[in-house]
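Dear colleague,

Please find the structure below, together with the notes that I promised to send along with it. I would be glad if you could read the notes with the model open beside them.

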Amino acid sequence: MSETELTQAELFDVFSNARRRRAVQYLKRQGGSCDLAPLVQQVAAWENDTEPDDVTRTQRRRVYISLYQTHLPMLEDHGIVDWDPDGHKIELLPSEDRFEPYLDRHLENDRPWHRIYAAVTAVGVVALGLSVLAVGPLTTGLAPVVALVLCFVVLALSAVQHLSRRPDLDFPFGFASR
């Protein structure tokens, strides 16, 4: 079956498995082709939230068996990769843009947004506490200003987070999305 014949339902079915999505994502990062060993190493690292050098033999073996017996043959049957089981070579077939929306975009180097939001919230709680306690005459006068500034900070953080997750956007002045 060629890639152009895949329906949206078939693409959802193929990419419903995280291991298949990760395999294709790794192939894209490697320029479209790689050997099985580094693919197994990286997919096992992503799945176990560790560095590739820290992956254990058991973790590697688990990923290797499923990729070799199930996932790579399925990707090949659907015309997404060309898989040589004897030579352990995998090649991503052209027109991978068709299935880009089904892949995990950020498998590593994700920004810790939860920590940024937690810090802004903590500052807001402290400011609210100080205004309720009315510690000093300056606190009650500054409370609305602090609340307004915090609202703008949260709005700016939300906008930055949203834009950073949109790799298809073109920014002016040479700024690049991840």
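Some terms come first: helices (H or I, at least four residues) and strands (E, at least two) are DSSP runs, numbered from the N terminus, and two strands pair if DSSP finds at least two bridges between them. Please keep in mind that this is a predicted model, in which local features need pLDDT of at least 70 and side-chain atom pairs count only at pLDDT 80 or more, whereas totals for chains, interfaces and linings use all residues. Residues are numbered from 1 along each chain as its sequence is written, and side-chain values use heavy atoms, with hydrogens and water left out.

I begin with the strands. Strand β2 (residues 81–84) runs antiparallel to β3 and is joined to it by 4 bridges, and within this pairing Val81 has Leu92 of β3 as its bridge partner. The hairpin of β2 and β3 has 4 residues between the strands, and in this hairpin His88 takes a positive phi near 60°. Strand β1 (residues 33–35) also pairs with β3 in the antiparallel sense, over 3 bridges, and here the bridge partner of Cys34 in β3 is Ile90. Strand β3 itself (residues 89–92) has Ile90 and Leu92 on its covered face, while Lys89 and Glu91 are on the uncovered one.

Just after α3, Asp49 takes a positive phi of about 50°.

The aromatic rings come next. Rings of Phe, Tyr and Trp (its six-membered ring) pair if their centres lie within 6.5 Å, and planes under 30 degrees apart count as stacked, over 60 as edge-to-face and the rest as tilted. A search of the whole structure finds 3 aromatic pairs. One of them is the edge-to-face pair of Tyr26 and Trp46, at 6.4 Å centre to centre with 75° between the planes. Tyr64 and Tyr68, by contrast, form a stacked pair, at 5.6 Å centre to centre and 20° between the planes. Both of these tyrosines lie in helix α4 (residues 57–77), 4 residues apart, which is about one turn of the helix. Tyr64 is partly exposed, with a relative accessible area of 30%, and Tyr68 counts as partly exposed at 27%. Together with Trp83, Tyr64 and Tyr68 form one aromatic cluster.

Last come the charged side chains. A salt bridge is a side-chain nitrogen of Lys or Arg within 4 Å of a carboxyl oxygen of Asp or Glu, and the structure holds 3 salt bridges. Glu47 forms one with Arg19, in which the closest N and O atoms are 2.6 Å apart, and this pair links distant parts of the chain, Glu47 in helix α3 and Arg19 in helix α2, 28 residues apart. Glu47 counts as partly exposed because its relative accessibility is 29%, whereas Arg19 is buried, with a relative accessible area of 14%. The side chains of Arg22 and Glu47 also meet in a salt bridge (3.9 Å, N to O), and these two residues, in helix α2 and helix α3, are 25 residues apart. Arg22 is buried as well, with a relative accessible area of 18%.

Asp35 forms a salt bridge with Lys89, the closest N and O atoms being 3.0 Å apart; Asp35 is in strand β1 and Lys89 in strand β3, 54 residues apart. Asp35 is partly exposed at 34% relative accessible area, and Lys89 is partly exposed at 47%. Through shared partners, salt bridges join Arg19, Arg22 and Glu47 into one network.

Note on methods: Buried < 20%, exposed > 50% of the residue type's maximum accessible area, 1.4 Å probe, protein only.
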